[in-house]
Amino acid sequence: QVQLVESGGGLVQAGGSLRLSCVASRRVISIDVMGWYRQAPGKQRELVAKIVTGGSTNYADSVKGRFTISRDNDENTMSLQMNSLRPEDTAVYYCNAAIVRGATLYNYWGQGTQVTVSS
């Protein structure tokens with residue numbers, strides 16, 4: 001089991017920045033993949049960025065060059081630095097932890113944090 005708690009969401013003007021944090025109940029180094037997803041009203045949840053144990057990262061095309069995902073193995077945290085925010089980035093952002101054990105994938109989610117970007 002992994003509990004995840006997000007923080008850092010809020011209201012910001014277009015062009016501004018926010019930093020989201022996700023605190024895990026276990027050492028993040030023991031989690032195979034951690035990521036941020038978002039869901040806007042009326043839309044499906046989509047991947048924003050993910051980072052694997054070895055440090056490799058992957059970003060949605062829409063956020064490349066603007067968002068940076070990182071993980072701090074000593075602090076049990078994962079962060080998402082969001083710069084040059086756009087109104088279309090408005091959504092609820094969810095922290096995700098994925099653990100693979102044999103042939104089984106275990107997925108865990110945080111409660112979500114709202115990000116609103118005004119034009």
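**Close-up 1. Lysine 64 and aspartate 61 form a salt bridge in the predicted model.** The closest N and O atoms of lysine 64 and aspartate 61 are 3.1 Å apart. The two partners fall into separate accessibility classes: lysine 64 is partly exposed, with a relative accessible area of 48%, whereas aspartate 61 is exposed, with a relative accessible area of 65%. This pair is one of the salt bridges of the model, for which the count comes to five.

**Close-up 2. Aspartate 89 and arginine 38 meet through their side chains in a salt bridge.**

**Close-up 3. A salt bridge joins the side chains of aspartate 32 and arginine 101.** Here the N to O distance is 3.8 Å. Aspartate 32 is placed in the loop between β3 and β4 (33-39), and arginine 101 in strand β9 (residues 91-101), so the pair ties together parts of the chain that are 69 residues apart in sequence. Both partners count as partly exposed, with a relative accessibility of 27% for aspartate 32 and of 45% for arginine 101.

**Close-up 4. Four strands form an open antiparallel sheet.** The order of the strands across this sheet is β1-β3-β8-β7, with β1 (4-7) and β7 (67-72) as the edge strands, each of which pairs on one side only. From one strand to the next, the twist averages 15 degrees. Within the sheet, strand β3 (residues 18-24) and strand β8 (residues 77-82) run antiparallel and are joined by six bridges; leucine 18 stands opposite methionine 82 in β8. As a general point, strands of a sheet pair through backbone hydrogen bonds, in either a parallel or an antiparallel manner.

**Close-up 5. Threonine 77 is a buried residue of strand β8.** Threonine 77 lies in strand β8 and has a relative accessible area of 18%, so it counts as buried under the 20% limit. When its neighbours within four places in sequence are left aside, threonine 77 is in contact with Cys22, Val23, Val28, Arg71 and Asp72. A separation of 8.2 Å lies between the C-alpha atoms of threonine 77 and arginine 27, although these two residues are 50 residues apart along the chain.

**Close-up 6. Asparagine 76 and serine 84 have positive phi values.** Asparagine 76, which is not a glycine, has a positive phi of about 60 degrees, and its place is in the loop between β7 and β8. Serine 84, likewise a residue other than glycine, has a positive phi near 50 degrees and lies in the loop between β8 and β9. With a relative accessible area of 41%, serine 84 is partly exposed.

Key. Residues numbered from 1 in each chain as written. Predicted model: local features only at pLDDT ≥ 70, side-chain atom pairs only at ≥ 80, totals over all residues. Heavy atoms only, no water. Pairing = 2+ DSSP bridges. Helix = DSSP H or I, 4+ residues; strand = E, 2+ residues; numbered from the N terminus. Axes fitted to C-alpha atoms, helices over the stretch in contact; angles between N-to-C directions. Buried < 20%, exposed > 50% of the residue type's maximum accessible area, 1.4 Å probe, protein only. Contact = heavy atoms within 4.5 Å. Salt bridge = Lys/Arg side-chain N within 4 Å of Asp/Glu carboxyl O.
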